[in-house]
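Visitor: I have a structure open and want to learn how to read it. Could you take me through it step by step?

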Amino acid sequence: MGINLSRYALFGLALALTAGVAANAVADEKKNWGAYQVEDRRSGYTYAAPETRAMQDDNFQNPGMLWAEIGEELWNKADGEAGKSCASCHKGPESMKGVAVSYPKYVAEKKNLENLEQRINRCRTDNMKAKEWKYESKELLGMTVFVRHQSLGMPMNVKVDGEAAPFFKKGEEFYNQRRGQLDMACKHCHEDFPGAQLRANVLSEGQGNGFPVYRLKWNGVGSLHRRFRGCNKQVRSSAYGYGSDEYLALELYVMWRGRGLPVETPAVRN
Amino acid sequence: MSKKYTTPFVAAVVGGAVLSLAAVCAQPVSAGTVEVAAMTEMKDPLTKQPGDAAKGKGVFANRKLGNCLACHKLEAMKEQSFHGEVGPPLDGVASRYSVAELRLRVVDPKALNPDTIMPSFYKSEGLHRVLKKFAGKPILDAQQVEDLLAYLATLKE
């Protein structure tokens, strides 16, 4: 019994030390992040370099706003056999205010989750009788950025109970599953070491509130699923497809992790 | 304990080892000294050919091989930019651990701490969804592990 106790005591010490390392890593910036921090959750904005934050803060400098402009043009443009534009039904884009915060969400007729990209495409096929836009096309990114941007600053609030619960659980499992030759789970970087330097980058909490983001490394805007794919490949794991069930579940879990953080689309990140 | 541990960090790692042992064996571990000692190190080299420290330095720095600097800082290699801070700094690591202890930490650190972020550099099975071009292969081959260890062994305080 005495041995058992000391065993747990040692394990506890190991945990405490691990936590200590993570805490040290973020201790350098103990500042008031305002809306960018909710309880212990911090937007990627707070881990970004000051010049990157400045780029995001100024709409005229934020290169992601070019995508919002693409979306704005498409909003008023009729497309498809029904001859409708988004504006035909939704009127002004301000009607989209608050819409983005609850995506992805469970949709009964699909018996599945649907993210905002897919919701936009469903509107196109069902109501406009237009073709779907491809994932990562400038049209779908542009419209997603534009619609999310209408909720700028509003707190993220996805539903994870009821019909969404099994999907949430699946997303959580994905998040904690080691994968790839490097054998790492999402949580190992984004829960255990946010704030720590990983080579040239500072690890963040992997929050989704700014997506689609303008990423300096991409020299363009990309979706959250693109980022998932990049992360998966970095640990030398085979990625899932854009809009796959796996990534939808992960998207729900990630958005829940960032609950209360403000929509920042289009955020600017490293 | 067969060894005297002097720093809390080492003691903590031993704690992790005991836990993993308990988890793997799924039965009560008796006094444990022998098993614990066995889990803290890996005495036998992976190759007959002794490690080459000069080559090991290359394995350490190469981003497609050890890429150790992604997570660890090493003053002795400050000519390389961007050292990580996810793992402990490695200056003087050979004064803190024996080569046998380092070997286990490189080969399969999860034997010591099941929840560590550190990859197992010489493990090719039991992995989830490995990209095709890496499937069935460890991150480092046996000789690269031994070369790396020969280099780590030069990092004395």
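**A walk through the model**

Visitor: Which residues does F60(B) touch, not counting residues up to four places away in sequence?
Guide: Keep in mind that this is a predicted model. With residues up to four places away in sequence left out, the contacts of F60(B) are G66(B), N67(B), C68(B), L69(B), L74(B), M77(B), L90(B), L148(B), Y151(B) and L152(B).

Visitor: How many residues has the largest nonpolar core?
Guide: F60(B) is among the residues with the most contacts inside that core, as are L74(B), L148(B) and L152(B). The largest nonpolar core has 32 residues.

Visitor: Which helix gives the most to this core?
Guide: Helix 3, helix 5 and helix 6 of chain B each supply at least two residues. The helix that gives the most, with five residues, is helix 6 of chain B.

Visitor: How do helix 3 of chain A and helix 6 of chain A pack: roughly parallel or roughly perpendicular?
Guide: Their axes lie 7 Å apart, at an angle of about 95 degrees. Angles of 65 to 115 degrees count as roughly perpendicular. So helix 3 of chain A and helix 6 of chain A are roughly perpendicular.

Visitor: How many residues of that contact are nonpolar?
Guide: Helix 3 of chain A brings residues including W67(A), I70(A) and L74(A), and helix 6 of chain A brings residues including L141(A), V145(A) and F146(A). Three residues of the contact are polar and three are charged. The nonpolar ones number 11.

Visitor: Which strands are at the edges of the open sheet in chain A?
Guide: The sheet has three strands, in the order 8-7-9. An edge strand pairs on one side only. The edges are strand 8 and strand 9 of chain A.

Visitor: Which residue stands opposite R215(A)?
Guide: Strand 7 and strand 9 of chain A run parallel, joined by two bridges. In strand 9, the residue opposite R215(A) is R269(A).

Visitor: What is omega for the cis peptide bond joining T265(A) and P266(A)?
Guide: Most peptide bonds are trans. P266(A) is in the loop between helix 10 and strand 9 of chain A. For its cis bond with T265(A), omega is about 0 degrees.

Visitor: Is R236(A) buried or exposed?
Guide: R236(A) has a positive phi, near 60 degrees, and is not a glycine. Its place is the loop between helix 9 and helix 10 of chain A. Buried means under 20% relative accessible area. R236(A) has 13%, so R236(A) is buried.

Note on methods:
Residues numbered from 1 in each chain as written. Chains lettered and ligands numbered in written order. Predicted model: local features only at pLDDT ≥ 70, side-chain atom pairs only at ≥ 80, totals over all residues. Heavy atoms only, no water. Axes fitted to C-alpha atoms, helices over the stretch in contact; angles between N-to-C directions. Helix = DSSP H or I, 4+ residues; strand = E, 2+ residues; numbered from the N terminus. Parallel < 35°, antiparallel > 145°, perpendicular 65-115°, else oblique. Contact = heavy atoms within 4.5 Å. Nonpolar A, V, L, I, M, F, W, Y, C, P; charged D, E, K, R; others polar. Core = buried A, V, L, I, M, F, W, Y, C linked by side-chain atoms within 4.5 Å. Buried < 20%, exposed > 50% of the residue type's maximum accessible area, 1.4 Å probe, protein only. Pairing = 2+ DSSP bridges.
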